[in-house]
Each structure stands twice: as structure tokens, then as C-alpha cells.
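Hi everyone, thanks for having me. Let's take a look at one structure together, starting with a pocket and then moving to a strand.

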Amino acid sequence: MAEIKSQFDPNLRKLILKKKQVAVIPVGSIEQHGPHLPISTDTDIVTEVAKRISEKNGYLLLPTITYGVSFEHAPFFNLSIRESTLRTVLSDLCTSLLSNGIKTVFIINGHHGNLKPIKNIDIKLKKLSKDKIKVFSLSYWHFMRRDFDHAGFVETSLMLAISKNVKMNSAKKGLITDKMTKQQIQKLGKLANQSFPKATKNGIWGDPTKATKKDGQVILAEIINNLSKRCQTCLTGHSS
């Protein structure tokens, strides 16, 4: 993995051109994750996922975009940017990468609220660059068998696997959907996209109380394996 450093490296451009480098841009968010997880949870997880993907495949890892679109968590704590802002930042970064000889970019997303602003960004950049750059947007939770949650079993397990900033003694059950129909869950999902607190009451979707570091390691390994395969499929142009 070639990781961009804070200081200027005169050999970086030569390395990029020589290896026909692929770049990875992780995108997270800053928002509440219940009383037991830090507000940086989405950013922490996607940063780790992007780092491991880059190390595994030799990609150029860019610094994580820490802020995302999290307005749906109000009045619970969130630091959000507009959808148009996120799209503009990502478009500008990809355009800048192209000017430095990088023609393939993976945007690895770590927050559900970012799905809309990154949708079809590949088409926009293909048009802007006159078909000179390929951009792939991939949300890491699409690459595991378990249903995703928010500060529930999955996210809490992942954080236990990568961080020391988890307060399990403060973990509380949130919205449990095990006995609900698909229609009921979909209805709650639509409500959560507008107001997460109205849908979950305490800001937690799922049950974090049984989360473990071991489970997190297993889930993370699954994500890295499946996501890495998808990245290779994107590069070769073969259908998965």
C-alpha cells in the first residue's frame, strides 16, 4: 500500500505513473452512535476497511473524508455537510487524482446517509473527464452476510475489533426488528432516513449488548475478502 503522507514526496508522482496506481477514498461521518460508541464510529470503521483493502491490493490510500450527510440524526449529535458539498469534494478529488495520472478510484463508503450523494457520481465523472477516469462507489456493509445496523451488534463488534474506544458497560438495546415483517422494516427504514430518533427512540438500531471482538474480527475479515474480490472484478471488467 502506498499511503499519502503529510509531507511532499517528490517520488510519489513517479510511483503513481509507474504502477498505474489505483486510489481509494474512504468516506465516513460524525454522528451519535448511542452511549457506548464514539461519534467517529463510521469514520473509524471505513478507515480501517479502506486501509486493509489498500494493503491487500497495493492501492494508494487517501485520507478519510471524515464528515458525511447525517442530518437525519438530529436532534441527536451530528456534524453534517450537504449532499452537494460531498459530491463536489469527491468530484474535485477525483479530478485532481486524474491530473496526477490516477485513472481508477474506489470510493469506499461507511455511512448510509452518504448513499444518495455518491450515487451515479461515476457517470458524472466519466462525462466530465471525457471517459478518462473510472470511479467505483462501494459501501462496505454490502459485502457481509449479516444485516447491517446502527450501533447494534455488527457495528459494535467491528469497533471492538479495531478500537479501544468502546464502552460496553453503557451499551443498551435499541430498535429490534427480528419479529417484524419486511414491510414493517422498510417503513421504519424510510422513517429513519428522515428522522433516526423517531424510528429508534434511543438512536440505536439493533442490540449491541452481545457484541464481541471475535465476532467483529470475523465480520471484518469477511468484508475485506468480499470487497477485495469486488474491486478486482471492477478492474478486470468481468461480472461478479
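The largest pocket here has a volume of about 1,200 Å³. A pocket, on a 1 Å grid over the protein atoms alone, is an open set of points where a 1.4 Å probe fits, with protein on both sides within 12 Å along at least five of seven lines. Points are joined across faces, edges and corners, and the volume is the space filled by probe spheres set on them.

A quick word on the source: this is a predicted model, where local features need pLDDT of at least 70 and side-chain atom pairs 80 or more, while totals for chains, interfaces and linings use all residues. Residues are numbered from 1 along each chain as its sequence is written, and side-chain values use heavy atoms, without hydrogens and water.

Which residues lie nearest the pocket's centre? They are Asp 147, Phe 148, Asp 149, His 150 and Trp 205, out of 37 lining residues, meaning those with an atom within 4 Å of a point. Helix 7 (182-194) gives the most to this lining, with 6 residues. Helices are DSSP runs of H or I, at least four residues; strands are E, at least two; both are numbered from the N terminus.

Now to strand 6, residues 104-109: 6 of its 6 residues are buried, that is, under 20% relative accessible area with a 1.4 Å probe, protein chains only. Thr 104, Phe 106 and Ile 108 point one way, and Val 105, Ile 107 and Asn 109 the other.

Strand 6 runs parallel to strand 2, joined by 6 bridges, with Val 27 opposite Asn 109. Strand 7 is also parallel to strand 6, again through 6 bridges, and there Ile 108 stands opposite Leu 138. Pairing takes at least two DSSP bridges.

Key. Buried < 20%, exposed > 50% of the residue type's maximum accessible area, 1.4 Å probe, protein only.
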